[in-house]
Amino acid sequence: SAETLLSKIKEPFIEGSKRKESFEIIETAAGKTYLIRFLALQDVKGIPVGYFIGVKENQTLAIEKQDFFIECSLVTLLMILFFATSLVYVRSQVRINEISMRDNLTKLYNRHKFNTFAESELQRCKRYGGNFSLLMIDIDFFKRVNDTYGHLQGDAVLKELAEIFINTLRVNDLVARWGGEEFICCLPNTNGEEAMIVAEKLRKRVEDNVFNIVGHITISIGATEVTADDDNLNGPIARADDGLYASKHNGRNKVTLM
């Protein structure tokens, strides 16, 4: 009977499962001989997670045993292919998502990514308190660069400027291309005074840098602090933009906190 067969294979199963690989048990019950197959299942890291179990009344043990291991090999191969394909798909999706959040030219994050990140920071402030700051940045007289050296060289300036931003800001800060020659930064856990220090460092790094062919350029920056009192991002972005306008109006190559 089935109960008799189960009781007979209990101990062999415990011993076989210790090897953490496929195995088989041949046992007799009620005058019949049975071949019980245990096909090991593993996850993508090779860790055993269970067994496929098959029971057959045995007629030709040698043939059955050979077929069993052929089946094991095929199933294992199919599982490997399945997990490998899944891994490639997941990595492709991650890569596609990352590309969709980047500006094609500078490889900085785009406006959509900035809005998502800054909105998350705003919600954090509303829930836990604290603050963060925004910097709105614009290249001074960038039209003159394009008119004098051409748009390809203008693009080169944008890319080199992006590298300066990345190398100057903290790892947890986010800088994005806002559009054209404008950029925007989100500085988590940073108040207005601290934002001015960061902005001044950016301004000085750009001023001191010698850009290929173009030489020296400058940037103007508007800064603002964001707190839980802000209902949404519209107000802080407008304040940072007003600060940028003030920096431009007051002679450029300046930082203004609003």
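View 1. At 41% relative accessibility, Phe141 counts as partly exposed. The model shown here is a predicted one. You'll find Phe141 in the loop between E4 and H4. Its backbone is worth a look: phi of Phe141 is positive, at about 55 degrees, although the residue is not a glycine.

View 2. Ile213 isn't a glycine, yet its phi is positive, near 70 degrees. Is Ile213 buried or exposed? With 56% relative accessibility, Ile213 counts as exposed.

**View 3. The whole chain, for orientation.** Let's step back for a moment. The chain has seven helices and eight strands. Of its 258 residues, 36% count as buried. The chain exposes about 15100 Å², and carbon and sulfur atoms supply 56% of that area. If you take the contacts with a separation of 6 or more, 61% of them are between residues 24 or more positions apart.

**View 4. An open sheet of five strands.** Reading across the sheet, the strands come in the order E5-E6-E4-E7-E8, and their pairing is mixed. Strand E5 (174–179) and strand E8 (255–257) are the edge strands, so named because each pairs on one side only. Neighbouring strands here are turned by 20 degrees against each other on average, direction ignored. Helix H7 (residues 234–249) packs on this sheet and touches E4, E5, E6, strand E7 (219–226) and E8. The direction of H7 makes about 145 degrees with that of E7. As a bit of background, strands of a sheet pair through backbone hydrogen bonds, either parallel or antiparallel.

**View 5. Strand E4, covered on both faces.** How many of the eight residues of E4 are buried? The count is eight of eight, which leaves E4 mostly covered. In a regular strand, side chains alternate between the two faces of the sheet. On one side of E4 sit Phe132, Leu134, Met136 and Asp138, and on the other Ser133, Leu135, Ile137 and Ile139, all of them buried.

**View 6. The partners of E4.** With strand E6 (residues 182–188), strand E4 (residues 132–139) pairs in the antiparallel sense over seven bridges. Along that pairing, Phe132 stands opposite Pro188 in E6, Ser133 stands opposite Leu187, and Met136 has Ile184 as its bridge partner. E4 also pairs with E7, again in the antiparallel sense, over eight bridges. There, Leu135 has Ala223 in E7 as its bridge partner.

**View 7. The hairpin of E5 and E6.** E5 and E6 pair in the antiparallel sense over five bridges. Arg177 stands opposite Phe183 in E6. What lies between the strands of this hairpin? There are two residues between them, and in this hairpin Gly180 takes a positive phi near 60 degrees. As for cover, six of the seven residues of E6 are buried, so E6 is described as mostly covered.

**View 8. Helices H4 and H5, packed at an angle.** Two packed helices are described by the angle between their axes and the distance between the axes. For helix H4 (residues 142–149) and helix H5 (residues 151–168), the angle is about 135 degrees and the axes are 7 Å apart. That makes H4 oblique to H5. Which residues meet where H4 and H5 pack? From H4 come Phe142, Val145, Asn146 and Tyr149, and they meet His151, Gln153, Gly154, Val157 and Leu158 in H5. Sort the residues of this contact by kind, and you get five nonpolar, four polar and no charged.

Methods: Residues numbered from 1 in each chain as written. Predicted model: local features only at pLDDT ≥ 70, side-chain atom pairs only at ≥ 80, totals over all residues. Heavy atoms only, no water. Pairing = 2+ DSSP bridges. Helix = DSSP H or I, 4+ residues; strand = E, 2+ residues; numbered from the N terminus. Axes fitted to C-alpha atoms, helices over the stretch in contact; angles between N-to-C directions. Contact = heavy atoms within 4.5 Å. Parallel < 35°, antiparallel > 145°, perpendicular 65-115°, else oblique. Nonpolar A, V, L, I, M, F, W, Y, C, P; charged D, E, K, R; others polar. Buried < 20%, exposed > 50% of the residue type's maximum accessible area, 1.4 Å probe, protein only. Areas by Shrake-Rupley, 256 points an atom, 1.4 Å probe, with all protein chains shown as cover.
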